[in-house]
Amino acid sequence: MNVWIAIGVTVLGCYAVKLAGLLVPAGALERPVVKRLAALLPVALLAALTAQQTFADGQTLVLDARAAGLGAAAVALMLRAPFLLVVAAAVLVTAGVRAMGA
Amino acid sequence: MRDALGVGVAVGLSGFAFGVTSAGSGLTLLQTCALSLLVFTGASQFALVGALAAGGGPFTAAAGAFFLGVRNAFYGLRLSQLLALPRAVRPFAAQWVIDETAAVALAQPTRRSARIGFLVTGLSLYVLWNLTTLLGALGAEALGDTDAWGLDAAGPAVFLALLAPMLKTGTERVVAGLAVLLGLGLLPLLPAGVPVLLAALAAPVVLWADGRRKGQGDQG
């Protein structure tokens, strides 16, 4: 049930912000501070989410095969690999390290 | 055209990864597909299932997904001027206001081609995203233990790939660094889902510090 509540709230919230952008008069959100904040908010969220989903096991921090996978993704990104290769590198390296028993 | 194909392949793969991740997080097939059909903004969906898998409450999990979706409002603002859609059409067009459709439409030279670009990208990605989500969710059941395949690394890799092009200046890097520290540092201390929301505060904090520094620089 909790999952459906979470889904319902997310559906409504995400649709509302999409629609709001199309409906509010231009200029309402055009203040520079608001624009800067809107650009930086995803940076903060994505960085925190990346770190947590790599190093968290429940509420404890761990260093496991996922870290190696994410390292591979980072290298792929620095080499300007396409999105597909970045995700594939992370998945393959994580699976590889696990298979070796790490 | 090659760009469109590249976008399509990337979206298709992340749709598949989302289906697998969501199923691995314990969501049913119906719940997974409902998210892709009704939310249709990838980062928010990954964040939601990740937070639920970590044991987060429904409202904290949804809040993280919501804040990630806020950027779509700013795409909408720019698109509404560019596309000049009739009021009656806007509630339907809204669902397709995402990173990729905004990128394609805003790159077009005329209103006509922007409208076509928005429509074609929106429709094809909507179909592709939902189809690959379904395949991923079905595939996850066939794969069994998704962790053994390393698929739990797909979510963070997707986030990193979205994040990397945003790290243009020092400000973005400081925000990202601070958010990582907050997100990991608070993780053992607070209920699941809450640390991510507090880590988002890195954005206003750094913005405020930046503004102050510039203000002082102007005076001196």
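Domain bounds, as used here, come from an automatic or database domain assignment. For chain B of this predicted model, that assignment gives domain 1 (2–166) and domain 2 (169–220). How far apart do the C-alpha centres of the two domains lie? The distance between them is 26 Å.

Next comes the meeting of the two chains. Here 84 residues of chain B are in contact with 61 residues of chain A. The chain B side of this contact has 64 nonpolar residues, along with 16 polar and four charged ones.

What about the core? The largest nonpolar core has 106 residues. Those with the most contacts inside this core are A:Ala44, A:Ala48, A:Val87, A:Ala90, B:Ala157 and B:Ala179. Helix α2 (residues 32–55) of chain A gives the most to the core, namely eleven residues. Chain B takes part through both of its domains, as at least three residues come from each of domain 1 (2–166) and domain 2 (169–220). For a closer look at one member, take B:Ala179: leaving aside its neighbours within four places in sequence, this residue is in contact with A:Ala44, A:Ala47 and A:Ala48 from chain A, and with B:Ala199 and B:Ala202 from chain B. Another of the core residues with the most contacts, B:Ala157, is buried in α9(B). Helix α9 (residues 154–163) of chain B is mostly covered, with ten of its ten residues buried. Among them are B:Pro156, B:Phe159 and B:Leu163.

Now for the record. In an unreviewed entry, UniProt lists "transmembrane region" for residues 6–25, 37–55 and 67–97 of chain A. For chain B, the unreviewed UniProt entry lists residues 46–70, 116–137, 149–167 and 174–207 under "transmembrane region". How do some of these spans look in the model? Residues 37–55 of chain A are 100% helix and 0% strand, and their end C-alpha atoms lie 27 Å apart. Residues 67–97 of chain A are 87% helix and 0% strand, with end C-alpha atoms 10 Å apart. Over in chain B, the end C-alpha atoms of residues 46–70 lie 15 Å apart, and this span is 80% helix and 0% strand. For residues 149–167 of chain B, the end C-alpha atoms are 30 Å apart, while the span is 53% helix and 0% strand.

B:Ala47 sits in helix α3 (residues 42–53) of chain B. Is B:Ala47 buried or exposed? It is buried, because 31 other C-beta atoms lie within 10 Å and the cut-off for buried is 20 or more. Not counting residues up to four places away in sequence, B:Ala47 touches A:Leu49 in the other chain, plus B:Gly64, B:Ala65 and B:Leu68 in its own. B:Ala47 and B:Ala62 are 15 residues apart in sequence, and their C-alpha atoms are 8.5 Å apart in space.

B:Arg111 belongs to helix α8 (residues 111–143) of chain B. This arginine has 13 C-beta neighbours inside 10 Å, so it counts as partly exposed. Between B:Arg111 and B:Leu131 there are 20 residues in sequence and 30 Å in space, C-alpha to C-alpha. With neighbours within four places in sequence left aside, B:Arg111 is in contact with B:Leu82, B:Leu83 and B:Ala84.

B:Ala84 is found in the loop between α5 (71–83) and α6 (90–93) of chain B, and it is exposed because it has 10 other C-beta atoms within 10 Å. B:Phe40 also has a positive phi of about 45° without being a glycine. Its place is in the loop between α2 (29–38) and α3 of chain B. With 25 C-beta neighbours inside 10 Å, B:Phe40 counts as buried.

Definitions and conventions:
Residues numbered from 1 in each chain as written. Chains lettered and ligands numbered in written order. Predicted model: local features only at pLDDT ≥ 70, side-chain atom pairs only at ≥ 80, totals over all residues. UniProt positions renumbered as here; feature names shortened; annotations may be inferred. Helix = DSSP H or I, 4+ residues; strand = E, 2+ residues; numbered from the N terminus. Buried ≥ 20, exposed ≤ 12 C-beta atoms within 10 Å, placed from the backbone. Core = buried A, V, L, I, M, F, W, Y, C linked by C-beta atoms within 7 Å. Contact = placed C-beta atoms within 7 Å. Nonpolar A, V, L, I, M, F, W, Y, C, P; charged D, E, K, R; others polar.
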